Amino acid sequence: MGTVRTDEFRKEAVRIALTSGLSRRQVADDLGVGFSTLNKWVSARRGTDVVSAKDHELARENERLRREVRILKEERDIL
C-alpha cells in the first residue's frame, strides 16, 4: 500500500508546486509523489489560503527574473 502523507505535507507540496517556478512533474519527482497525485492535491486546494499574497508576488518576480536571465543568456550566446 502507498505512503500516507500528512495534510501539512500536502499543503506544502501544493505551495511549492504553485510558487517554485518548477514544473509540476519536477516537483512531484522531487517530493517522491505521483504527478497525478500532486495535481489532485493542487485542484483540491485551489481557492484556499495555501499560497499567501506574498508567495504569489515572489513567484511572479521569480518568473520575471527567469525570463530576463533566459533573454540575457540568448543575447550573450549570439555575441
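Does Thr 19 count as buried or exposed?

A: Thr 19 counts as buried because its relative accessibility is 11% (buried means under 20% relative accessible area, exposed over 50%, partly exposed in between, with a 1.4 Å probe and protein chains only). A word on the source: this is a predicted model, where local features need pLDDT of at least 70, side-chain atom pairs count only at pLDDT 80 or more, and totals for chains, interfaces and linings use all residues. Residues are numbered from 1 along each chain as its sequence is written, and side-chain values use heavy atoms, leaving out hydrogens and water.

Thr 19 belongs to helix H1 (a DSSP run of H or I, at least four residues, numbered from the N terminus). From there, the Thr 19 side chain reaches the backbone oxygen of Arg 15 at 2.7 Å.

Now for the neighbours. H1 spans residues 7–19 and packs against helix H2, residues 24–31, at an angle of about 145 degrees, with axes 9 Å apart (lines fitted to C-alpha atoms over the stretch in contact, with angles from 0 to 180 degrees between N-to-C directions). In H1, Phe 9, Ala 13, Ile 16, Ala 17 and Leu 18 meet Arg 24, Val 27 and Leu 31 of H2 (heavy atoms within 4.5 Å).

H2 also meets helix H3, residues 35–45: their axes come within 9 Å and cross at roughly 110 degrees. The two are therefore roughly perpendicular (65 to 115 degrees; under 35 is roughly parallel, over 145 roughly antiparallel, the rest oblique). Here Arg 24, Arg 25, Val 27 and Ala 28 in H2 meet Phe 35, Leu 38, Asn 39 and Val 42 in H3.

How values were computed. Polar contact = N/O pair within 3.5 Å; in protein donor to acceptor, adjacent residues only side chain to side chain.
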